[in-house]
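Open the model in your viewer and keep the selection tool at hand. The stops below are meant to be visited in order.

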Amino acid sequence: MKAEQLAMPHVRGKGIALVLIGATLWGISGTVAQYLFQRQGFSPAWLVDIRLLLAGSILMAIGGVKDPAKMTGIWKSRRDAGALLLFSILGMLAVQYTYFAAIDHSNAAAATVLQYLAPTMIAAYLAIKGRKLPTGLEISAIILALVGTLLLVTKGNIGTLSISGLAVFWGIASAVTLAFYTLQPRELLAKWGSITVTGWGMVIGGLFFSFINPPWMFEGTISFRSLLAVLFVVIFGTLLAFYCYLESLKYISASETSLLASVEPLSAAFVSVIWLNVPFGFEEWLGTFCIISTIAILSKKRG
């Protein structure tokens with residue numbers, strides 16, 4: 001018992017380190033995507049397609065080795081197959097495309113912060129679905145989210161937008177699709193596991209999008225730097241980040257994980273400012289703080 005107690009801080013520290021690494025890589029990959037869109041002329045649609053197809057294929061290969069029965073078994077149930085198709089297109093593909101479109105029309109910092117409105121949307125949806133009034137904590141989170149969004153998109157001047165209307169649209173759309181992505185596949189994940197659901201989701205989403213935007217329809221500048229950037233988004237910003245985030249759930253609670261994952265918009269903002277010289281003033285930082293605070297509030301409620 002004594003040895004177990006001594007080991008606990010080490011285990012908890014491992015979980016915290018894993019989620020911080022994963023979330024930081026997600027944030028940095030958003031900034032790398034901004035570099036590809038705005039400095040190298042890449043299309044968000046092309047990068048979404050390549051990211052989904054490559055990362056999904058690797059995940060499916062891993063799943064095929066670890067548990068091949070699950071990779072094929074998910075298709076034996078019509079209900080599960082239908083839910084998987086819905087998740088793949090309206091969840092996996094939609095959240096990827098709306099997020100990258102928001103980056104393309106603004107910057108990684110603003111797009112990532114707007115996407116983090118999703119926890120507040122989830123809390124509001126669950127309150128409506130459960131037919132109960134929001135708690136004081138939930139109301140505080142909603143108010144903070146609204147104030148943070150206004151500060152971020154107007155710089156405190158309500159009459160003007162500091163980012164384009166399209167950026168605001170895609171950013172809020174990415175929050176909506178992230179909320180759907182989080183809520184819709186819970187039964188699938190519990191039954192079939194994250195590698196099976198995410199691997200199939202990525203591949204199906206990528207294949208579906210290939211009919212709209214074929215991956216061979218390429219725009220942009222091919223160079224050593226741009227290829228490295230694409231590999232970073234696929235390997236570090238998708239596969240490794242996904243692995244670290246899921247592994248962290250073995251060592252710390254889901255509420256702690258979601259709270260610590262809020263380092264993602266901070267890492268996106270810092271890297272955007274330092275590397276790409278994105279202007280990010282006091283109002284934007286204050287708005288970011290307000291939105292991230294909602295995650296702390298909602299995590300406290302769940303705990």
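Which element gives the most to the lining of the second largest pocket? The model on screen is a predicted one. To find out, select Arg 79, Asp 80, Ala 83, Leu 183, Gln 184, Arg 186, Glu 187, Leu 188 and Lys 191, which line the second largest pocket. Two elements, H4 and helix H9 (186–192), each give two or more residues to this lining. The answer is H9, with four residues. Colour the lining by residue type: three are nonpolar, one is polar and five are charged. The volume of this pocket is about 160 Å³.

**Asp 80**

Keep Asp 80 selected from the lining and show helix H4, residues 78–105, in which Asp 80 lies. Is Asp 80 buried or exposed? Asp 80 counts as buried because its relative accessibility is 6%, and the cut-off for buried is under 20%. Now show side chains: those of Asp 80 and Lys 191 are joined by a polar contact of 2.9 Å. Beyond its neighbours within four places in sequence, Asp 80 is in contact with Ile 74, Leu 188, Lys 191 and Trp 192.

**Helix H8**

Next, select residues 165–183, which form helix H8. H8 has 19 residues and reaches 27 Å from its first C-alpha to its last, close to the 27 Å expected at 1.5 Å a residue. Its buried residues include Trp 170, Leu 178 and Leu 183.

**Thr 294**

Move to helix H14, residues 282–302, and pick Thr 294. Thr 294 has a relative accessible area of 0%, so Thr 294 is buried. A polar atom of the Thr 294 side chain lies 2.5 Å from the backbone oxygen of Ile 291. Setting aside neighbours within four places in sequence, the contacts of Thr 294 are Thr 120, Ala 141, Leu 144 and Ala 145.

**Glu 219**

For the last stop, select the loop between helix H10 (194–212) and helix H11 (224–248), where Glu 219 is found. Which residues is Glu 219 in contact with, leaving aside its neighbours within four places in sequence? They are Gly 41, Phe 42 and Ser 43. Finally, draw a distance between the C-alpha atoms of Glu 219 and Phe 242: they are 23 residues apart along the chain and separated by 27 Å.

Definitions and conventions
Residues are numbered from 1 along each chain as its sequence is written. This is a predicted model: local features need pLDDT of at least 70, side-chain atom pairs count only at pLDDT 80 or more; totals for chains, interfaces and linings use all residues. Side-chain values use heavy atoms; hydrogens and water are left out. Buried means under 20% relative accessible area, exposed over 50%, partly exposed in between (1.4 Å probe, protein chains only). A polar contact is a pair of N or O atoms within 3.5 Å; within protein, one must be able to donate a hydrogen and the other to accept it, and residues adjacent in sequence count only if both atoms are side-chain atoms. Contact means heavy atoms within 4.5 Å. On a 1 Å grid over the protein atoms alone, a cavity is a set of points where a 1.4 Å probe fits but cannot get out, and a pocket is an open set with protein on both sides within 12 Å along at least five of seven lines; lining residues have an atom within 4 Å of a point. Grid points are joined across faces, edges and corners, and a volume is the space filled by probe spheres set on the points. Ala, Val, Leu, Ile, Met, Phe, Trp, Tyr, Cys and Pro count as nonpolar, Asp, Glu, Lys and Arg as charged, and the others, Gly among them, as polar. The expected span of a helix is 1.5 Å times one less than its number of residues.
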